[in-house]
Amino acid sequence: MTDSLLPVQALLVVDVQKAGVTGERAVPGAAGLLERTADLIARARQSGALVVHLQNDGAPGSGDEPHAPGWALHLPVEAGPTESVIRKTRDDGFAGTSLGSLLGGAGVEAVAVCGVMSEMCVQATARTALALGYRVVLPYDAHATQDIPAAPGISEAVPAAVVSRVAAWAVSADADVTTPAADVPFAAPPKA
């Protein structure tokens, strides 16, 4: 077993909300992303690892505005001592939330991060986890984003898959970004 395949004690499911994974505004490949995310959640639950669903409270009029249809989490939550929902208002899931104290209180040393949007909330949350000293696994096939439209005179359109890859590459010096979701192992945190 390599260091990158040591078990993680928490799964951070970032903004897997209806606005980003269903309908016309769904990220490309949403169905596959949802399958892989559901599998990660099931395996984390089975092992006793923490599962934390981060839920973005978007601005008024946005697809993820609180209590609008797109704000709802897409995958079911089994609330309990090892699974919770943390609402956030910024890209970084740690900023202004109880995420850090939840992970620290459970003795978590390593996390897996999945969800949407790769270059925004997923990357910001992974960066802070790294800065706080957590070992981070960002499975390459368990985060997604939108295409970036062309900017006339500046650049051509950038496909979503490239945006996701670049977002992961930006943290690759410190995080494992080459493991597929199916290979992420889980274990219960020491203080769960």
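**Group meeting: a walk through one predicted chain**

Let's start with Gln17, which is found in the loop between S1 and helix H1 (18-21). Helices here are DSSP runs of H or I with at least four residues, strands are runs of E with at least two, and both are numbered from the N terminus. A word on the source: this is a predicted model, where local features need pLDDT of at least 70, side-chain atom pairs count only at pLDDT 80 or more, and totals for chains, interfaces and linings use all residues. Residues are numbered from 1 along each chain as its sequence is written, and side-chain values use heavy atoms, with hydrogens and water left out.

Back to Gln17. Is Gln17 buried or exposed? Buried, at a relative accessible area of 2%. The cut-offs: buried is under 20% relative accessible area, exposed is over 50%, and partly exposed is in between, with a 1.4 Å probe and protein chains only. What does the side chain of Gln17 reach? The backbone oxygen of Trp71, at 2.9 Å. Contact means heavy atoms within 4.5 Å. Not counting residues up to four places away in sequence, Gln17 touches Leu54, Gln55, Asn56, Asp64, Gly70, Trp71, Ala72, Leu73 and His74.

Now the overall picture. The chain has 5 helices and 6 strands. Along the sequence, the pattern reads β-α-α-β-β-α-β-α-β-β-α. The radius of gyration is 16 Å, which agrees with the value near 16 Å for a compact globule of 192 residues. That radius is taken over C-alpha atoms, and the globule rule is 2.2 Å times the number of residues to the power 0.38. Along the principal axes, the C-alpha atoms fill a box of roughly 50 × 35 × 30 Å. Of the 192 residues, 49% count as buried. Take contacts between residues at least 6 apart in sequence: 76% of them join residues at least 24 apart. The accessible surface comes to about 8,900 Å², and 58% of that belongs to carbon and sulfur atoms. Areas come from the Shrake-Rupley method with a 1.4 Å probe; for residues, only the protein chains shown count as cover.

Next, the interior. A nonpolar core is a set of buried Ala, Val, Leu, Ile, Met, Phe, Trp, Tyr and Cys residues joined through side-chain atoms within 4.5 Å. The largest one has 27 residues. Val8, Leu11, Val13, Val27, Leu40, Val184 and Phe186 have the most contacts inside it. Which elements each supply at least two residues of this core? Strand S1 (10-14), H2 and strand S4 (110-116). H2 gives the most, with 6 residues. Look at Val8: beyond four places in sequence, its contacts include Ala49, Val111, Val137, Val184 and Phe186. There is also a second, separate core of 26 residues, with Leu50, Leu99, Cys121 and Leu138 among them.

On to charges. How many salt bridges does a search of the whole structure find? The search finds 6. The criterion is a side-chain nitrogen of Lys or Arg within 4 Å of a carboxyl oxygen of Asp or Glu.

Start with Asp141 and Arg36, whose side chains meet at 3.9 Å, N to O. This pair links distant parts of the chain, 105 residues apart: Asp141 sits in the loop between strand S5 (135-137) and strand S6 (143-144), Arg36 in helix H2 (residues 30-47). Arg36 is partly exposed, at 31%.

Then a local pair. Asp39 and Arg43 bridge at 2.9 Å, N to O. Both lie in helix H2, 4 residues apart, about one turn of the helix. Asp39 is partly exposed at 33%, and Arg43 is partly exposed at 21%.

Then Arg45 and Glu83, with their closest N and O atoms 2.7 Å apart. Arg45 lies in helix H2 and Glu83 in strand S3 (residues 83-88), so this bridge ties together parts 38 residues apart in sequence. Arg45 is partly exposed at 26%. Glu83 is buried at 4%. Salt bridges with shared partners join Arg45, Glu78 and Glu83 into one network.

Glu83 has another partner, His53. Their side chains make a polar contact of 2.7 Å. That term means N or O atoms within 3.5 Å; within protein, one must be able to donate a hydrogen and the other to accept it, and residues adjacent in sequence count only if both atoms are side-chain atoms. His53 lies in strand S2 (residues 50-56). His53 is buried, at 2% relative accessibility. Leaving aside neighbours within four places in sequence, the contacts of His53 include Val13, Ile41, Leu73, Glu83 and Val85.
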